[in-house]
Amino acid sequence: YLNCERENQAICKQHEYDSGCWVDRDDYTPVTPQDAQVGGRASWHPGNRVHKIRGRRIALFVLRGLDYALQKWAELTAESGHPLAEEHWHVTEYYKDIKEKAPSVPGCYTDETFPIGKKRRRGLRTGGNTTADFHGRQLDIEGSWPARLCDIPLQGRSLWGPRANPVETSLVSILKPNPKGDRDPNPNPAYTEEPVYLPPEKMMPWDTPPGNEVNVKQIAGARRLDVSGHNRHLQRSQKELMLMKSKIEADHRHRHDIAEINNSSRHLAEEIVPGYGISVDWGRTGVCDGTSHHWCDKKDSNKCLLGGTQDNRGMICIDSLSGWLVFEIKNVKHGFIGARIQAWHKNQAWMTEGWTEVNNGGNGNYDQRDRALLEKKSSERNAEFIAQMEREIEEDILIEDPKQRRLGGGQSCGVAGDYTFEFAINGEIKASWNKDQFCQHYTRLAYNFDAIKFMDDESQTGDFELAIRLKTGGGREQTTCISHIYWA
């Protein structure tokens with residue numbers, strides 16, 4: 001079915017996918033009934049079997065390259081002895097040469113620029129047609145996206161995944177702690193949840209070659225990363241996740257004495273202090289680091305535990321009752337800070353549920369009764385968020401259909417009447433926009449990629465605090481969510 005004649009394509013399409021969601025094991029029985037097959041199958045996508053054979057073909061090129069390198073190593077050291085001279089293998093000068101030439105590569109931007117507030121990127125297909133202008137790849141808070149972004153290395157943090165080193169690359173890692181010492185006010189965050197069972201997985205019938213065919217998994221499994229090594233890797237990563245909350249709390253609590261912690265009313269009205277209503281939607285739990293030996297989304301509510309998906313779209317959300325959302329951004333070298341932003345959600349800031357005042361009148365959910373209720377709600381909320389996220393991913397899969405491709409996405413820059421969007425840099429409010437003004441700075445760079453710029457000044461370098469808040473007169477419906485922060 002992977003090498004079909006044209007007249008048999010319809011039959012082969014029926015066999016593109018070959019997978020399942022569960023194989024019985026002795027140490028765990030799923031709480032949630034498991035689906036018969038992995039979701040997200042689309043007729044215009046190559047199935048997992050096609051991906052597998054293509055991956056193995058690519059692996060052959062890598063193996064042949066490795067074989068050549070080892071032969072070359074043997075020949076050179078036979079002539080000149082060990083160790084092999086750096087000129088034959090060190091890549092520092094090679095990389096340096098590329099970095100020096102990259103800024104002068106033409107064609108990245110033209111004299112025209114990509115204006116702030118533009119609805120969609122030029123040169124992309126819409127309705128089956130393309131625009132005549134293919135010079136629209138251009139990416140100040142006013143004006144345009146700076147062309148220099150093409151030639152400088154960006155840094156960033158996100159809650160989308162998979163990500164290498166998922167703890168230290170997360171948005172949560174750059175949140176400024178609130179007056180209680182917490183970066184995330186949730187007492188039961190998803191990133192501290194342990195997997196419901198440990199590796200290895202059981203043999204899967206759909207993944208086991210028949211008869212005497214080559215068993216790639218057995219060959220790959222003969223490497224040094226055995227089960228115990230695999231488990232050590234996962235335990236180390238899981239421990240990092242489990243320690244994340246306590247470490248960031250301990251890192252900050254020494255800065256606050258008890259009087260400052262318990263008397264938040266002492267803060268000046270306009271002082272920028274991280275709020276208590278910050279809602280972190282982490283998404284998939286576990287070690288979702290993009291490796292082949294990940295251990296991701298192994299939890300009771302998962303309806304396809306063998307799905308292997310690491311696709312994640314986490315975000316941090318606020319509404320007008322949340323208070324300030326403050327990020328600590330280190331080592332800005334080129335004076336640029338921006339973000340991917342989602343302003344079309346309703347009631348997404350679940351931490352403020354039941355509130356009628358900013359920070360719930362001053363103490364957030366830190367009262368003992370509120371804390372106990374929140375622990376239960378946070379687990380339910382993460383399950384709801386993952387279901388929402390998977391629906392959005394399914395919608396995006398449909399949008400990828402070449403027959404239906406569109407760029408709009410239906411998102412807007414606000415759904416609940418007028419509001420004020422404010423942001424500050426290092427304690428100084430730089431902008432206070434109403435909805436219409438915010439929409440003028442809210443730029444659709446591509447489908448499902450809406451961006452906003454907070455700083456564009458090459459003279460600004462060093463460490464910065466970026467603070468964001470919404471003001472709507474007390475409502476919870478309008479929400480703003482951040483999934484990525486970029487800086488350079």
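Analyst: Let us begin with pairing: two strands count as paired if DSSP finds at least two bridges between them. The model is a predicted one.

User: How do you know that strand β10 and β11 pair?

Analyst: Strand β10, residues 420-425, is joined to β11 by six bridges in the antiparallel sense. At least two bridges are required, so β10 and β11 qualify as a pair. Within this pairing, phenylalanine 421 stands opposite tryptophan 433 of β11.

User: What makes β8 and β11 edge strands?

Analyst: Both belong to an open sheet of four strands in the order β8-β14-β10-β11, with antiparallel pairing. β8 (325-332) and β11 (428-434) each have a single partner strand, so one side of each lacks a neighbour in the sheet. On average, neighbouring strands of this sheet are turned by 20 degrees against each other, direction ignored.

User: Which strands are joined by bridges to β13?

Analyst: Strand β9 (residues 336-342) is joined to β13 by five bridges, and strand β12 (residues 443-446) by three. As the definition asks for at least two bridges, both therefore count as partners of β13. Arginine 340 has alanine 451 in β13 as its bridge partner, while alanine 446 stands opposite phenylalanine 449. β12 and β13 form a hairpin with two residues between them. In that turn, asparagine 448 has a positive phi of about 60 degrees.

User: Why is strand β13 described as mostly covered?

Analyst: Strand β13 spans residues 449-456, and six of its eight residues are buried. A residue is called buried when its relative accessible area is under 20%. Over the whole protein chain of 488 residues, 42% count as buried.

User: Does asparagine 359 count as buried or exposed, and why?

Analyst: Its relative accessibility is 18%, which is under the 20% limit, so asparagine 359 counts as buried. Asparagine 359 lies in the loop between β9 and α7 (368-399). Although it is not a glycine, its phi is positive, at about 60 degrees.

User: What makes asparagine 426 and asparagine 331 fall into their classes?

Analyst: Asparagine 426 has 45% relative accessibility, and asparagine 331 has 38%. Exposed requires over 50% and buried under 20%, so both residues are partly exposed. Asparagine 426 is placed in the loop between β10 and β11, with a positive phi near 50 degrees. Asparagine 331 lies in strand β8.

User: Which residues does asparagine 331 touch?

Analyst: Not counting residues up to four places away in sequence, asparagine 331 touches Gln155, Gly462, Asp463 and Trp487. Aspartate 463 is 132 residues away along the chain, with 5.4 Å between the two C-alpha atoms.

User: What makes a set of residues a nonpolar core, and which members of the largest one touch the most others?

Analyst: The members must be buried residues of nonpolar kinds such as Val, Leu, Ile and Phe, joined through side-chain atoms within 4.5 Å. The largest core has 41 residues, of which Phe327, Phe421, Phe438, Leu466 and Ile485 touch the most other members. Apart from this core lies another, of eight residues, including Val23 and Trp295. In soluble globular proteins, nonpolar side chains tend to be buried together.

How values were computed
Residues numbered from 1 in each chain as written. Predicted model: local features only at pLDDT ≥ 70, side-chain atom pairs only at ≥ 80, totals over all residues. Heavy atoms only, no water. Buried < 20%, exposed > 50% of the residue type's maximum accessible area, 1.4 Å probe, protein only. Axes fitted to C-alpha atoms, helices over the stretch in contact; angles between N-to-C directions. Contact = heavy atoms within 4.5 Å.
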